[in-house]
Amino acid sequence: MEKGSLADAKLNGRILVLFTAGFLAGLALIYIGQESLVVNADFLDSFSVGRMGVLEIDSSMLFFYSIKQRLAPAVLLTVLAVAGIGGMAVSLYLVWTGFCAGTILSVLSIRYGIRGILLFAGGIFPQVLLLAPAYLFLFRWCQGFQDRVYNGRYGGVPGGKRGALRLGTLLVILGMLTAGCLVESYINPIILQKVFFFF
């Protein structure tokens, strides 16, 4: 039991380090190249942000878009875990998502200051409360699958009740992601409309 808890703690630490490394890389890229990457670029400029603020959101269409954006990486990571490269895939995905988050946050903060940070927070809340834990569980599922099946840890190939439990865990994760997409599609636009009041 202690060995399993130690492995979980190490995995959580590795997840945090990889995401943070990507996030800091995104921040560094934008802040170092402010002139060419932000000042002279149209990315998230006042015109594009202003247009987003007056868009009429079709929540049902947004839901299907969100499902595609959130479930596609989850399915891909699951398939890669079954193929035996889940650990590497999760690592790359963590660095990439951290990098994207750092890039967007730094651009928004440079262009709009506190309002940009507020816009970033408004863009991910409250769905992040479901999506972030779901992805964390998925990362742990992928690494755990690889450790059991391919690396021979924790008793080898999962079977019987253990295998059914891991399938059940995966279904719960996908359910959390779907719930996060519903929140993103039907609740988040209401919050964003309030945030755009400051623009």
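Is Trp141 buried or exposed? I looked this up before anything else. Trp141 counts as buried because its relative accessibility is 7%; buried means under 20% relative accessible area, exposed over 50%, and partly exposed in between, with a 1.4 Å probe and protein chains only.

**Ground rules.** I am working on a predicted model, where local features need pLDDT of at least 70, side-chain atom pairs count only at pLDDT 80 or more, and totals for chains, interfaces and linings use all residues. Residues are numbered from 1 along each chain as its sequence is written, and side-chain values use heavy atoms, with hydrogens and water left out.

**Overall fold.** I listed the secondary structure next. The protein has nine helices and zero strands. Its pattern along the sequence reads α-α-α-α-α-α-α-α-α. Helices (H or I, at least four residues) and strands (E, at least two) are DSSP runs, numbered from the N terminus. Of the 199 residues, 37% count as buried. I then took the contacts between residues at least 6 apart in sequence: 84% of them join residues at least 24 apart. Contact here means heavy atoms within 4.5 Å.

**Trp141 and its surroundings.** I went back to Trp141, which is found in helix H7 (residues 128-149). I left aside neighbours within four places in sequence. Trp141 is then in contact with Thr78, Ala81, Arg166, Thr169, Leu170 and Ile173. Ala81 is 60 residues from Trp141 in sequence, yet the C-alpha atoms are 8.7 Å apart.

**The cores.** Which residues touch the most other members of the largest nonpolar core? I found Leu77, Leu138, Phe139, Trp141, Cys142 and Leu177, in a core of 25 residues. Helix H1 (2-32), H4, H5, H7 and H8 each supply at least two residues of this core. H7 gives the most, with eight residues. Another core lies apart from it, with 14 residues, including Val38, Leu44, Val49 and Ala101. A nonpolar core is a set of buried Ala, Val, Leu, Ile, Met, Phe, Trp, Tyr and Cys residues joined through side-chain atoms within 4.5 Å. For background, nonpolar side chains tend to be buried together in soluble globular proteins.

**Salt bridge.** How many salt bridges does the rule give? The count comes to one. The criterion is a side-chain nitrogen of Lys or Arg within 4 Å of a carboxyl oxygen of Asp or Glu. The side chains of Arg70 and Glu184 form the bridge, at 2.5 Å, N to O. It links distant parts of the chain: Arg70 is in helix H4 (residues 59-82), Glu184 is in helix H8 (residues 160-186), and they are 114 residues apart. Arg70 is partly exposed because its relative accessible area is 26%. Glu184 is buried because its relative accessible area is 11%.

**Helix H5.** I compared the span of helix H5 (residues 86-112) with expectation. At 1.5 Å a residue, its 27 residues should span 39 Å, and the end C-alpha atoms are 38 Å apart, which agrees. The expected span is 1.5 Å times one less than the number of residues. Gly113 follows H5 and has a positive phi, near 65 degrees. Ser91 lies in H5. Ser91 is buried, with a relative accessible area of 15%. Not counting residues up to four places away in sequence, Ser91 touches Arg14 and Leu18.

**A cis bond.** I found a cis peptide bond joining Phe125 and Pro126, with omega about 5 degrees. Pro126 sits in the loop between helix H6 (114-124) and H7.

**Helix H9 and the end of the chain.** I looked up Leu192, which is in helix H9. Leu192 and Gly53 are 139 residues apart in sequence and 8.0 Å apart in space, C-alpha to C-alpha. With neighbours within four places left aside, Leu192 is in contact with Leu119, Gly122 and Gly123. Phe198 is in the segment after helix H9 (188-195). Phe198 counts as partly exposed because its relative accessibility is 48%.

**Surface.** Which residues make the nonpolar surface patch of about 440 Å²? I noted Leu118, Phe197, Phe198 and Phe199. Patches are made of residues with over 30% relative accessible area and no salt bridge; like charges are joined within 9 Å, nonpolar side chains (Val, Leu, Ile, Met, Phe, Trp, Tyr) within 5 Å. The protein exposes about 11,500 Å², and carbon and sulfur atoms supply 72% of it. Accessible areas come from the Shrake-Rupley method with a 1.4 Å probe; for residues, only the protein chains shown count as cover.
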